[in-house]
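The sequence and structure follow.

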Amino acid sequence: MASQPARVVSAWRPRVPGVVEVFHARFTEYAYPMHVHEAWTLLIVDTGAVRYDLDRHEHGTPHDTVSLLPPHVPHNGSPVTAEGFRKRVLYLDGTYLGDEFIGAAVDRPDLRDPLLRRRVGQLHGTLTRPGEELEAESRLLFVGERLRGHLRGDLAASRPPDPVLARRLRELLDERVVEGIGLREAAGLVGGHPAHLVRAFSAAYGIAPHQYLTSLRVGRARRMLLDGQPPSEVAVATGFYDQSHLTRHFRRLVGVPPGRYRAG
């Protein structure tokens, strides 16, 4: 009996503004027919390569390339070799890329940029971990900023840090330890662009906003565990997604899991 073509897929919608869908797939013989998406398609290929036609021009996606396919423009896709390909895709709405960039993306869909490639890979890693929405939003901000720079043909230097803005964000995070806050909401409350907010905070305190918030939550968890509360209750009370989410960060910052810490 002939073996069936390998098709392994995983798809989900994270709670991250701007992300319509995350799609990870491993295909061998499958070829996409011509089709369109309503969202932007941000594609990286981890193994193998894909060839595709966009606006009647042929393109390819070697492993060091980030491909950005604009909405409403027909394209297809097929593996270059019999071994197939493994890809990771983000479908993005217009939050980070507006329709004014469609023409530039049609002209230059494949971006050779090692920094962008690394950032997109890191973002995918964050999106696989529930409870890391603030980190994912931070990473997506810088991915979107670099994509816009490529499409404008201008990867200009960013604005200088702003310590006052950093302090305002820190005060807001101190107030929202358990419930947390998204960067766009924070930017609306303290003023400033979300990406500039992250840069200002990191420059002022030597730590990213999501790392700072996690540190505060772990600190609260330590006190509650020493008071005798079980890790499952502590996780919920300190803003973690679940007990495994607490355990992952607690072990990383304290060196032992919460249960062992509580036992003394």
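Glu-135 and Arg-139 both belong to helix H3 (residues 133-152), where they sit four residues apart, about one turn of the helix. The model is predicted. The two residues form a salt bridge, with the closest N and O atoms 3.0 Å apart. Arg-139 is partly exposed, at a relative accessible area of 27%, whereas Glu-135 is buried, at 8%.

Glu-135 also has a salt bridge to Arg-129, with an N to O distance of 3.8 Å. Arg-129 is partly exposed, and its relative accessible area is 30%.

**His-210**

What does His-210 touch, leaving aside residues up to four places away in sequence? The contacts are Leu-134, Glu-135 and Ser-138. His-210 itself is found in helix H7 (residues 209-226). Its relative accessibility is 15%, and because buried means under 20%, His-210 counts as buried.

**Arg-86 and Asp-46**

Another salt bridge links Arg-86 with Asp-46, and here the closest N and O atoms are 3.4 Å apart. Arg-86 lies in strand S9 (residues 85-92) and Asp-46 in strand S4 (residues 40-48), so this pair ties together parts that are 40 residues apart in sequence.

**Salt bridges described here**

The count for the model comes to 12 salt bridges. The table lists those described above, including the distance for each pair.

| Pair | N to O distance |
|---|---|
| Arg-86 and Asp-46 | 3.4 Å |
| Glu-135 and Arg-129 | 3.8 Å |

The Arg-86 and Asp-46 pair joins strand S9 to strand S4.

Definitions and conventions: Residues numbered from 1 in each chain as written. Predicted model: local features only at pLDDT ≥ 70, side-chain atom pairs only at ≥ 80, totals over all residues. Heavy atoms only, no water. Helix = DSSP H or I, 4+ residues; strand = E, 2+ residues; numbered from the N terminus. Buried < 20%, exposed > 50% of the residue type's maximum accessible area, 1.4 Å probe, protein only. Contact = heavy atoms within 4.5 Å. Salt bridge = Lys/Arg side-chain N within 4 Å of Asp/Glu carboxyl O.
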